[in-house]
Amino acid sequence: MQTFREYYEDGEHLKDKDTIAILPGGFKPPTRGHFLAMQDLLKDANSGIVYIGKGERDGIDAAKSKAIWDIYKNYLSKPTEVHLSPISPVADTYDYALDNKEVDIIVGAGGPRRLKDGTMTKGDMKRYESFTKNKEKYPHVTLKEIESQEDIKGDDVRVAIKANIDDALKNYFPDISETDKDLIKNILTD
């Protein structure tokens with residue numbers, strides 16, 4: 001029989017701990033790159049959460065983004081909740097981490113990117129640096145830089161949607177059923 005101390009020291013208590021993957025963002029609209037990023041985060045998690053920003057860009061608002069994520073979640077490898085952020089996805093992510101210390105959390109954030117004009121963005125990692133700078137407050141949180149599997153920019157996707165929605169669905173969205181692509185088309189052209 002193992003003592004509590006032995007149980008704690010050998011890490012047995014950690015085997016039953018849930019891990020939640022969180023992907024916060026604007027998602028106007030959610031693209032194949034976002035879908036692949038969440039799928040990657042879920043590899044090391046039991047379930048996921050997507051937080052969607054409340055903004056609107058070129059007619060794509062948070063409700064449309066949520067409707068698309070609600071389709072995508074049926075194709076993800078693990079159960080995933082999709083939430084509209086009342087304030088911001090950043091605030092919701094920090095709040096979730098503070099309120100759920102009994103679970104491990106993986107937060108996905110984009111790293112620096114080169115823009116068309118050659119300048120570099122800071123990326124989203126900076127928004128979540130408190131997780132790494134304050135490990136005593138957030139020992140259960142891991143910040144993971146999302147490695148861009150697809151260099152898809154929201155501005156380009158929105159232009160493509162206006163130019164030819166069918167081509168945009170083919171080039172910028174995940175490989176899903178034609179029925180679900182039609183649903184997304186209706187969401188984006190409504």
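Colleague: What do the residue numbers and the pLDDT limits refer to?
Modeller: Residues are numbered from 1 along each chain as its sequence is written. The model is predicted, and local features need pLDDT of at least 70, side-chain atom pairs count only at pLDDT 80 or more, totals for chains, interfaces and linings use all residues, and side-chain values use heavy atoms, with hydrogens and water left out.

Colleague: Which pattern does the chain follow along the sequence?
Modeller: Helices (H or I, at least four residues) and strands (E, at least two) are DSSP runs, numbered from the N terminus. The chain has eight helices and five strands. Read along the sequence, their pattern is α-β-α-β-α-β-α-β-α-β-α-α-α.

Colleague: What percentage of the residues of the chain count as buried?
Modeller: Buried means under 20% relative accessible area, exposed over 50%, and partly exposed in between, with a 1.4 Å probe and protein chains only. For the 190 residues of the chain, the buried share is 41%.

Colleague: What share of the contacts with a separation of 6 or more is between residues 24 or more positions apart?
Modeller: A contact means heavy atoms within 4.5 Å. Among contacts in the chain with a separation of 6 or more, residues 24 or more positions apart account for 72%.

Colleague: Which elements do the buried residues of helix 3 pack against?
Modeller: Helix 3 spans residues 62–72, and its buried residues are Ala 62, Lys 64, Ser 65, Ile 68, Trp 69, Ile 71 and Tyr 72. These buried residues pack against strand 1 (19–25), helix 2, strand 2 (47–52), strand 3 (80–84) and helix 8.

Colleague: At the start of helix 3, which residue has its backbone nitrogen within 3.3 Å of a side-chain oxygen of Asp 61?
Modeller: A polar contact is a pair of N or O atoms within 3.5 Å; within protein, one must be able to donate a hydrogen and the other to accept it, and residues adjacent in sequence count only if both atoms are side-chain atoms. At the start of helix 3, the side-chain oxygen of Asp 61 comes within 3.3 Å of the backbone nitrogen of Ala 63.

Colleague: Which side chain forms a polar contact of 2.5 Å with that of Tyr 75?
Modeller: Tyr 75 sits in the loop between helix 3 and strand 3, and counts as partly exposed because its relative accessibility is 29%. Not counting residues up to four places away in sequence, Tyr 75 touches Phe 35, Gln 39, Ile 176, Ser 177 and Asp 180. The polar contact of 2.5 Å joins the side chain of Tyr 75 to that of Asp 180.

Colleague: Is Arg 32 buried or exposed?
Modeller: Arg 32 lies in helix 2 (residues 32–42). A polar atom of its side chain is 3.3 Å from the backbone oxygen of Phe 173. The relative accessible area of Arg 32 is 18%, so the residue is buried.

Colleague: Why is helix 7 called oblique to helix 8?
Modeller: Axes are lines fitted to C-alpha atoms, for helices over the stretch in contact, and angles run from 0 to 180 degrees between N-to-C directions. Angles under 35 degrees count as roughly parallel, over 145 as roughly antiparallel, 65 to 115 as roughly perpendicular and the rest as oblique. Helix 7 (residues 165–172) and helix 8 (residues 178–189) have axes 11 Å apart and pack at an angle of about 125 degrees. That angle makes helix 7 oblique to helix 8.

Colleague: Which residues make the contact of helix 7 with helix 8?
Modeller: Helix 7 contributes Ile 165, Asp 166 and Leu 169, and helix 8 contributes Lys 181, Ile 184, Lys 185, Leu 188 and Thr 189.

Colleague: Where is Lys 181, and which residues is it in contact with?
Modeller: Lys 181 is in helix 8, and counts as buried because its relative accessibility is 16%. Leaving aside neighbours within four places in sequence, Lys 181 is in contact with Leu 169, Pro 174, Asp 175 and Ile 176.

Colleague: Which bond is cis, with omega about 0 degrees?
Modeller: Most residues other than glycine have a negative phi, and most peptide bonds are trans. Pro 29 is in the loop between strand 1 and helix 2. The cis peptide bond joins Lys 28 and Pro 29.

Colleague: What is phi of Phe 27?
Modeller: Phe 27 is in the loop between strand 1 and helix 2, and counts as buried because its relative accessibility is 5%. Phe 27 is a residue other than glycine with a positive phi, near 55 degrees.
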